[in-house]
Amino acid sequence: MKNLLLTFLFLPILLLFWTGSDAQTITGKVLDEKGQPMSSVNIVSEKTGKGSASSSTGDFIISATLNDTLTVSAVGYETLKVPVTTLQGFQIVMRSAQRELDQVVVVGYGTQRKKDLTGAVSTIGAKDVGGRQTLQVSEALQGGISGVSVTRSSGAPGAGSSILIRGVTTIGNNTPLFIVDGIQVSSIDNVNPNDVESITVLKDAASAAIYGSRAAAGVVLVTTKRAKEGQSSFEYNYEYGIQRPTALPEYASAPDYMRFFNEQATNDGAATGAYPQAFITNFADSNRLFPDKFPFSNTNWQQVIMTNRNAPRVRHDLVFTMGTGKLKTKASLGYSKAGAFYDNYTYERYLFRINNDLQISRKLGVNLDIAFKRTNTVSPVVNPIYEARLMPAIFDDYYDNGNYALAKDGRNPIAQLREGGTNDGRFNQITSRLAFNFKPVDGLTLTALVSPSFDYDKTKNFSKRIAFTNPEGTPSSFSNQARTTLTEGRTENIFITGQFLADYLKQFNGVHNIGVLGGYEELFNSNETLGASRSGFALNGFPYLNSGSQELRDNTGSASQSALRSFFGRVKYDYKNKYYLQGNIRYDKSSRFGPSYRSALFPSLSAGWTLTEESFLQNIKWLSFLKIRGSYGEVGNERIGDYPYQATISFTNALFYQNGVVSPQTGGAQVVYAVEDISWETTKTTDVGIDAAFLNNRLTVTGDYYKKSTYDILLNLDIPLYLGFDKPSQNAGILDVKGWELEMGWKDRVRKFNYSVAFNISDSKSKIVDLKGTILNAAGPLSSFQGSEYNEWFGYKSNGLYQTSADTAGSPRLSSNVSPGDVRYVDVNNDGRITPADKVLLGGSLPRYFYGGNFRVDYSGFDFGLVFQGVGKRLNRLSDDIVKPFGEAFGNVPAEMIGNFWSKNNKAEQNLMARYPRLSTRSLGNNYEMSDYWLINGAYFRVKNITVGYTVKTKVLNRLGMQALRVYISGNDLFARHNFPKYTDPEVGNAAYPIVRTFMAGATVRF
């Protein structure tokens, strides 16, 4: 397969090399008005139709003839017609046509000039996405846009990130709406980062209201690359990388573990520990002489599991671009594969996309796009990270005869990893988009669009029983599980989008600019799932259902449908590019609500004033642009599940005793009380902002302050028990969010030296206004109730460790087991006891002061980029797997605790300095209760990416028939500064796959 793929990749390159060697060529250089080289300028021959693009040094090569005419174009510059008078060495000087703020950005169902925006909208381009060298688009957003927080908890192959726009909006789903080329998608990670032209984030309700009931959590618009007039190229990208953990915890050695286990046993009242002192004193000899005898192993389980010191990552991309007067095509094929630090874990993805623009006539154009995604995943059925960190070193991994050791009663992490089975997934998605664009009169564009998307997914979970042996080779009675089990699933999802748009733009008397957009949209989603399972397989190497026992089988199936029908519109007006007014409205009807409650209206209004167009500011040379804007809007949330207003019947199997025989029977009942008038959650947002540019547009600044309130949040409110139903969802809650954002950028050029700097920072804070007396997760550790932040830490206030028996005597305690060395809690209500009534709010768990930025330099073919990101404030709870000993009553002891825990064997001075409580399983409930004792400052700074590249000069490539060649080296997550222990990462989750540091090298060749 690999040889076939490589042959397919390189065959087009060889063909292009062979066909291009005989072409007559013209060379030249493109400069700007300051005489500096310009890259990525499109040059097209009118006679041959051949196209080219200038390199980073401004040089270009193109197939053309004398007396030909070259069409030269670039974004932000006037298009030129240049006659060809010589074959070599002539220069083309580009003239600026627009400023940075005149660039066009994508908004809901259309585009607008950046300077004309009246809502809170941020955009990043292809360099900011593809240049981050990530496999997932979501990760490329981290730190890139103010007000957008991107968090991750794992660096596993194929892992994505969680995206929040301006904090939380509801108690439930806070994921933004993702739109790719005007079509709703489930994830932006199904798009190749190198296919992205731009990403626009609609952050306030004024800009997002045109998406109505789907926009409460914000909207992310992804625009993919399309061919431009005159482009003609074939491009191949190759990248290879290796990944290493940014941090890994360490654990106690076998003799230390036995010593600590004995200490916790005697702390809990035992006369002696489980392990004789002789075992500990003579451990080295016992380990050498009796390695198979428990407990004389000394296994570093993380090293045993992570057999791959470096996890590989590879990526191939083929990109074909052709742009003529009637047909413009851009097609890409991407392949990526990522391995892991241990066996049976891989991620493989194929992405194909073709974007076609057909000009049928002067008035009619057609877009025909097709995209295909295939993802293959393999992962172990157990979490080997958790198992390896839990298992103490005293348990053996392999016997001397090569067989798997029993470890803890057959729970051998390496045996489970290699022989315990895998989860296999095959995920396929086909998306197409057909749009007709008709321009009957000047200024009016009619668009009809249909886009079906099909998902066909297959999963296979094969969990295998492992037959262990004893050290002497005899069969063991222990096993990892009772029997081998196979569970298979099939999912079919169909999502169809239909749109009709009418967009009219007109200028009157040279000063009045009016835009009117009207649209109709229908969305239909159908989902079916099928599952089947069997247990009792005679052959562990044959994962097919017919091989399992017919007596131990099961099957499941479900289906759902939903639909949304909408009318929407936008009216925008500006006078002399000075005073702006815009209104949006959307009318939605959703099948998720009862017939009388399906309709809702979502309006917005925004205004702007460009002060620099006023005469009193036009003579200030250092002020290039200044605009203030304000907006108000309403958006909704219809993602509340299917049919919550209906009384649905749930089916279950129950055992009945009939005629002396126990037999299973299927029964059905209404479980959840249905509330017929359930309706939308509505979010109202007010935003004020400022856009400014200084020093001839080299410095740009954007700032926003906003407040949003979400009403009618769905809550599971109490109902009388005698009704016999579970709590239903009802519209009741209110949540407020306040925040601010700041973006700054500087761009300049000094002769051949081009550089840019960008920085953004934002903050948001949520507050629960009303939950009708409901407390979400009342036991903690994260709770939400009236007056709290959303998911605020909720627990006890601590006051150090008890040092002596006198300290504990008469002191309020959580339990009678509390002794010297345990965590002391504050009796907040002064009732002489420590009870749940003493729990208080300890601070928000959500990150605050998200920031990020980048620095880029281009000089004489070399380019350098640095991206950083961080969090300025966050309360984090230290994970159990790195601070809690004896998990599951037998588990490991983190090495960080050694010498740092309270012990009766310590001196008093040492115990006063102890960071961790005494070793005790009986006091684990007291010591590791949710309290501020385990909270730390989770702020961090991280260097996300550093890339250094070099573009080979055109003169060298001319002989090879190439347009451009760039080679680069890059690194992701290279450095982090934080307050966490050095053996953990500030982003990683509890017992999760490590966050990884990636080193890459790659090349891009364009013909």
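How many bridges pair strand β19 with strand β20, and in which sense? The two strands, residues 327-338 and 346-359, pair in the antiparallel sense over 12 bridges. The model is predicted.

- β20 and β21 form a hairpin, with 4 residues between them.
- Y350 can be followed across both pairings. In β20, Y350 is the bridge partner of Y335. In β21, the bridge partner of Y350 is R374.

**Nonpolar surface patch**

- β21 provides the largest share, with 3 residues.
- Is L327 buried, partly exposed or exposed? Its relative accessible area is 38%, so L327 counts as partly exposed. The cut-offs behind that class are under 20% for buried and over 50% for exposed.

**Open sheet β38-β39-β42**

- Here 3 strands form an open sheet, in the order β38-β39-β42. The pairing is antiparallel.
- β38 (782-783) and β42 (840-844) stand at the edges. Each has a single partner strand, so one side of each is left without a neighbour in the sheet.
- β38 pairs with strand β39, residues 792-795, over 2 bridges in the antiparallel sense.
- S783 stands opposite E792 in β39.
- Strands of a sheet pair through backbone hydrogen bonds.

**Patch of positive charge**

- Which residues gather in a patch of positive charge on the surface? They are K707, K738, K765, K767 and K873.
- K707 is found in strand β35, residues 699-716.
- The relative accessibility of K707 is 36%, so K707 counts as partly exposed.
- Patch residues need over 30% relative accessible area. K707 at 36% is therefore over that cut-off.

Definitions and conventions: Residues numbered from 1 in each chain as written. Predicted model: local features only at pLDDT ≥ 70, side-chain atom pairs only at ≥ 80, totals over all residues. Heavy atoms only, no water. Pairing = 2+ DSSP bridges. Patch = residues over 30% accessible without salt bridge, like charges linked within 9 Å, V, L, I, M, F, W, Y side chains within 5 Å. Areas by Shrake-Rupley, 256 points an atom, 1.4 Å probe, with all protein chains shown as cover. Salt bridge = Lys/Arg side-chain N within 4 Å of Asp/Glu carboxyl O. Lys, Arg positive; Asp, Glu negative; His and termini not counted. Charge placed at Lys NZ, Arg CZ, Asp CG, Glu CD. Buried < 20%, exposed > 50% of the residue type's maximum accessible area, 1.4 Å probe, protein only.
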